[in-house]
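Q: I'm new to this one, so please walk me through it in plain words.

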Amino acid sequence: MSFDGMWAALEPVGRHPGTGGYRRYAWTGEDATLRDWFAGEAARRGLDLTTDRAGNQWAWWGDPDATPGLAIGSHLDSVPDGGAFDGPLGVVSAFAALDALRDRDVAPGRPIAVVNFGDEEGARFGVACAGSRIITGALDPGRARGLTDADGISMAEAMTKAGHDPAHLGRDAQTLGRVGTFVELHVEQGRALVDLDAPLAVGSGIWPHGRWRVELPGEANHAGTTRLADRHDPMLAFASVVLAARVAAVRNDALATCGKVRVDPNAVNAVPSQVTGWLDARGPSAAQVRAIVAETAEVVTGHGGIVAEESWTDLTPFDPALADRLARVLGDVPVLGTGAGHDAGILAAAGVPAAMLFVRNPTGVSHSPAEHADHADCLSGVAALATVITDLTR
């Protein structure tokens, strides 16, 4: 099936009719549909499909145990009301690049896998890149099994319902041993390529980033009878935390976002009893990010609350020699760092030689229905990936 045909088949899966965005969360019915689609594309090409201990899917061309191979691909899940390109562009492009090689009768000198990493966004259980973190040992299997979604359903329960045994979770040495190199193609999640007037770039590395949970206590009370002076309103405390995070981000020349909040009892006519919010912080250095968190935490503790770290990824450089090689073979394309986390970063941190290709996003917007890549640039990405595969599998 062509790039356009694969893209059209994925387009309706998990799309919300009201927002136009996607709600493709791990271990749900939509996720099962996406996994079935991936399995179907593998079968259509005669690839051998395997599923690792965390549930990530691998479609192999060649014997993966003969010699360490080249893995390409990305993920298919989304953030709440996310765009169409973040993740799926990398998976569809990977299959399309294999098709291009086969059309030219290219015989690779090492095995090639297309991979669909599960739960990359962490939208349901709160830990990003869960699928790759589990197989590399960066996420403890016990912790992973105990993670819960907004409805209190644990990852273990969700996996079980979807037919994957959570007892298998853990570092997967066999799978990692099969991957000699990983190259992930991804839509750019910013405007650098627009400013550079370039359709493609090679990634140099991923900024340090993490997620922190903020819990602020209050006292539930009646909105119509409780005097303002008598209220213990955690929503006001959270508002001050959001502002403090922004000020800290500006001061430290980094990024901070408070994009998720849970209010109890979540009633229009009630003063909340508790507010739980989340802080996402990223920056060029770990010191800058940690400074944001420390300054924000001072405000939280001043309101009697607590801050708990849910995930952390340190500065993750991609293999410099590999990045240079890709930039050269693609004609000296730009080399860019990124503040977005990716499975390529998790594998790189685990010692797997990894690299990324970015495809221009004319809107500069990501994690939103406005996320986009022009058709011509998508096909340029496929051609670039095919060139990279040819070079790395000689």
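Q: Is Cys378 buried or exposed?
A: Cys378 has 3% relative accessibility, so it counts as buried. Buried means under 20% relative accessible area and exposed means over 50%, with partly exposed in between (1.4 Å probe, protein chains only).

Q: Before we go on, what kind of model is this?
A: It's a predicted model, where local features need pLDDT of at least 70 and side-chain atom pairs count only at pLDDT 80 or more, while totals for chains, interfaces and linings use all residues. Residues are numbered from 1 along each chain as its sequence is written, and side-chain values use heavy atoms, with hydrogens and water left out.

Q: Back to cysteines: how does Cys129 count, buried or exposed?
A: Cys129 counts as buried because its relative accessibility is 4%.

Q: And how many disulfides are there?
A: The count is 0. A disulfide here is a pair of cysteine sulfur atoms within 2.5 Å.

Q: Okay, Asp119 next. Where does it sit?
A: Asp119 is in the loop between strand E4 (112-117) and helix H4 (130-136). Helices (H or I, at least four residues) and strands (E, at least two) are DSSP runs, numbered from the N terminus.

Q: Buried or exposed?
A: Asp119 is buried, because its relative accessibility is 6%.

Q: What is phi for Asp119?
A: Near 55°, which is a positive value in a residue other than glycine. Asp253 also has phi near 55°, and it sits in the loop between helix H9 (234-251) and E9. Asp253 counts as exposed, because its relative accessibility is 59%.

Q: Where is there a cis peptide bond?
A: Between Asp264 and Pro265, with omega about 5°. Pro265 is in the loop between strand E9 (255-264) and strand E10 (270-271).

Q: Switching to salt bridges: how many are there in the structure?
A: There are 18. One of them pairs Arg360 with Asp377, with the closest N and O atoms 2.9 Å apart. Arg360 is in the loop between strand E15 (354-359) and H13, and Asp377 is in helix H13, so the pair ties together parts that are 17 residues apart in sequence. Both Arg360 and Asp377 are buried.

Q: And Asp391, what does it pair with?
A: Arg394, at 3.5 Å from N to O. Asp391 counts as buried because its relative accessibility is 11%, whereas Arg394 is exposed, with a relative accessible area of 77%.

Q: Which residues link up in a network of salt bridges?
A: Glu41, Arg44, Arg45 and Asp99.

Q: Last topic, helix H1. Which of its residues are buried?
A: In H1 (residues 3-10), Phe3, Met6, Trp7 and Leu10 are buried. They cover an arc of only 100° around the axis, which puts them on the same side of H1. The arc is that of the directions from the helix axis to the C-beta atoms.

Q: What do those buried residues of H1 pack against?
A: Helix H2 (29-44), helix H3 (88-103) and helix H13 (375-392).

Conventions. Contact means heavy atoms within 4.5 Å. A salt bridge is a side-chain nitrogen of Lys or Arg within 4 Å of a carboxyl oxygen of Asp or Glu.
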